[in-house]
Amino acid sequence: MKAFSIDLRIRVLAALDGGMSRSEAVRLFQVSLGSIKRWLRARAADDLAPKRPTGRPRRITPTQEQQLRVQVQITPDATLDEHAAQWAADTGRRISRQTLGRALHRLGLSRKKSRPLPASATPGNVRRLHSGKATGTPTT
């Protein structure tokens with residue numbers, strides 16, 4: 001989640017200083033009461049800047065995400081396991097399927113694969129083949 005801007009923090013605190021109640025500020029500025037309390041403490045310490053987020057650093061850094069995007073463009077039908085193996089071969093760092101899936105999600109890339117077509121597929125009957133009508137299987 002992205003941190004609230006310093007400008008918003010200052011406006012919320014100015015509204016509180018002007019007599020607005022905390023509950024009114026929560027509704028008007030769409031921030032939590034906990035955030036307001038934290039900003040009041042931070043203002044007392046003269047430090048309204050957002051803090052660095054906690055947690056483990058990403059295994060695929062934002063600078064490496066472009067490399068992953070290229071890898072997926074080259075082999076779009078590869079599975080997550082195959083992409084993870086390719087990543088390990090290219091970078092020397094192993095990553096899990098889950099880590100790779102989260103990175104693809106952040107990039108807005110789908111894990112859906114192309115459907116394989118039977119050898120009898122021609123441009124005219126591809127839609128019919130995928131709808132299930134060519135094989136006689138019912139579609140629901």
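User: What volume does the largest pocket have?

Analyst: About 390 Å³. This is a predicted model, where local features need pLDDT of at least 70, side-chain atom pairs count only at pLDDT 80 or more, and totals for chains, interfaces and linings use all residues. Residues are numbered from 1 along each chain as its sequence is written, and side-chain values use heavy atoms, with hydrogens and water left out.

User: What counts as a pocket?

Analyst: The search runs on a 1 Å grid over the protein atoms alone. A pocket is an open set of points with protein on both sides within 12 Å along at least five of seven lines; a cavity is a set where a 1.4 Å probe fits but cannot get out. Lining residues have an atom within 4 Å of a point. Points are joined across faces, edges and corners, and the volume is the space filled by probe spheres set on them.

User: Which residues of the lining are closest to the centre of the largest pocket?

Analyst: Ala3, Arg9, Arg38, Pro50 and Lys51, out of 16 lining residues.

User: How does the lining divide into nonpolar, polar and charged?

Analyst: 9 nonpolar, 1 polar and 6 charged. Nonpolar covers Ala, Val, Leu, Ile, Met, Phe, Trp, Tyr, Cys and Pro; charged covers Asp, Glu, Lys and Arg; the others, Gly among them, are polar.

User: Which helix gives the most to that lining?

Analyst: H3, residues 33-44, with 5 residues. Helices here are DSSP runs (H or I, at least four residues), and strands are too (E, at least two), numbered from the N terminus.

User: Zooming out. How many helices and strands in the protein chain?

Analyst: 7 helices and 0 strands. Along the sequence the pattern reads α-α-α-α-α-α-α.

User: What share of the protein chain is buried?

Analyst: 25% of the 140 residues. Buried means under 20% relative accessible area, exposed over 50%, and partly exposed in between, with a 1.4 Å probe and protein chains only.

User: And how much accessible surface does the chain have?

Analyst: About 10500 Å², with 53% belonging to carbon and sulfur atoms. The areas come from the Shrake-Rupley method with a 1.4 Å probe; for residues, only the protein chains shown count as cover.

User: Aromatic pairs next. How many are there?

Analyst: The count is 1. Rings of Phe, Tyr and Trp (its six-membered ring) pair if their centres lie within 6.5 Å; planes under 30 degrees apart are stacked, over 60 edge-to-face, the rest tilted.

User: Which rings, and why edge-to-face?

Analyst: Phenylalanine 4 and tryptophan 39. Their centres are 5.7 Å apart and their planes stand at 90°, so the pair is edge-to-face. The pair links distant parts of the chain, 35 residues apart: phenylalanine 4 is in the segment before helix H1 (6-17), and tryptophan 39 is in H3.

User: Is tryptophan 39 buried or exposed?

Analyst: Buried, at 3% relative accessible area. Phenylalanine 4 is partly exposed, at 29%.

User: What does isoleucine 6 touch?

Analyst: Leu48, Ala49 and Pro50, leaving aside residues up to four places away in sequence. Contact means heavy atoms within 4.5 Å. Isoleucine 6 is in H1 and is partly exposed, at 40%. Its C-alpha lies 7.6 Å from that of proline 50, 44 residues apart in sequence.

User: Switching to H6. Which of its residues are buried?

Analyst: In H6 (residues 97-107), they are Thr99, Leu100, Gly101, Ala103, Leu104 and Leu107. What covers them includes helix H4 (65-74) and helix H5 (80-91).

User: What follows H6?

Analyst: Glycine 108, with a positive phi near 75°.

User: Last one. How far is glutamine 86 from glutamine 71, by C-alpha atoms?

Analyst: 8.3 Å, and they are 15 residues apart along the chain. Glutamine 86 is in H5 and is partly exposed, at 37%.
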